[in-house]
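Please look over the sequence and the structure shown below.

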Amino acid sequence: MVNESIFSDIQNHWAKTSILAAAKLNILKGYPDGTFRPDAPVNRAEFAAIIYTALPKQPSSRPGMTFIDVPVNHWAAGAIASAYQTNYLSGYPNRTFKPNQAIPRVQALTALVSGLNYRVAGEAIATLKKYYTDFGQIPSYAMNAMAAATENHIVVNYPDIRRLQPNQNATRGEIATFICRVLKIPTVPAQYIPGLELFVIPPQFDAADPFVEELARVKKDNRWGYIDKTGKFIIPPQFNEANAFVEGLAVVREG
């Protein structure tokens, strides 16, 4: 368990909970002086290392690339090679990777969308216009990716939920929140997650879990069932035990 006082400079930071969660999983670490530096930028090599540590290993989808500015003894050479081959990150036309270049928010989110193979379900421009006042600043190459990131609820905008600030350098605190969203670690307040529609179901259950795959497990009269996001029972309470749905299936026990 990570002690909340482990970093001296995050006590009042908006991303504190995500930072602590990422630190607990050894995804992000602090500095020898006891700080985390949540508002410091993240460079491309550091982001590759974060991806390598944090996210499920994906099969290689393309051959490796020898980048002229990433020597074999570079501290992140392995992570960079993995991020490239699994389609999270790409290099530049002159076979450089620019490992020390700060990564903008749009690049970080595009990388996550690409590597995780998210696809936009609706019309990208309509989604972006709906949620972002600064959608015009999104580079054309990233339009679909930003819409997919929004639909998958991995975008975090602080302090203004309607400002994506795509070309601003991503900070360590922001990267912690993106990773927590991808890993479905509930550390980011809903008011900073664009596209996350809020709804209210009146209290009526003895116990209830968060929604997973559009359904929530609820308990009523000592029996478990499942509701949708309108509060309607999809499977009436009838089970002594029930687990959350995973890939369309749930383990239950009757009697």
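A residue is called buried when its relative accessible area is under 20%, exposed when it is over 50%, and partly exposed in between, with a 1.4 Å probe and protein chains only. The model is predicted, so that local features need pLDDT of at least 70 and side-chain atom pairs count only at pLDDT 80 or more, while totals for chains, interfaces and linings use all residues. Residues are numbered from 1 along each chain as its sequence is written, and side-chain values use heavy atoms, with hydrogens and water left out.

**Helix α4**

Helices (H or I, at least four residues) and strands (E, at least two) are DSSP runs, numbered from the N terminus. Eleven of the twelve residues of α4 are buried, among them Arg105, Gln107 and Leu112. The cover over these buried residues includes α2 (44-54), α6 (143-151) and α7 (172-182), where contact means heavy atoms within 4.5 Å. Just after α4, Asn117 takes a positive phi of about 60°.

**Nonpolar cores**

A nonpolar core is a set of buried Ala, Val, Leu, Ile, Met, Phe, Trp, Tyr and Cys residues joined through side-chain atoms within 4.5 Å. The largest one has 63 residues, of which Phe47, Leu89, Leu112, Met146 and Ile175 touch the most other members. The elements that give two or more residues to this core are α1 (16-24), α2, α3 (77-85), α4, α5 (124-131), α6 and α7. A second, separate core of six residues includes Trp224, Phe239, Ala242 and Phe245.

Leaving aside residues up to four places away in sequence, Leu112 touches Phe47, Leu55, Tyr88, Ile154, Phe178, Ile179 and Val182. Met146, which is found in helix α6, counts as buried because its relative accessibility is 0%.

**Pocket and cavity**

On a 1 Å grid over the protein atoms alone, a cavity is a set of points where a 1.4 Å probe fits but cannot get out, whereas a pocket is an open set with protein on both sides within 12 Å along at least five of seven lines, and lining residues have an atom within 4 Å of a point. Grid points are joined across faces, edges and corners, and a volume is the space filled by probe spheres set on the points.

| Space | Volume |
|---|---|
| Largest pocket | about 1,300 Å³ |
| Largest cavity | about 60 Å³ |

Of the 40 residues that line the largest pocket, His153, Arg181, Leu196, Phe211 and Lys229 are the closest to its centre. The elements that give two or more residues to this pocket lining are α7 and β2 (216-220). For the largest cavity, the lining includes Ile51, Lys57 and Tyr88, and the elements that give two or more residues to it are α2 and α3.

**Arg162**

Arg162 lies in the loop between α6 and α7 and counts as partly exposed because its relative accessibility is 34%. Apart from residues up to four places away in sequence, Arg162 touches Lys129, Lys130, Tyr131, Tyr132, Thr133 and Asp134.
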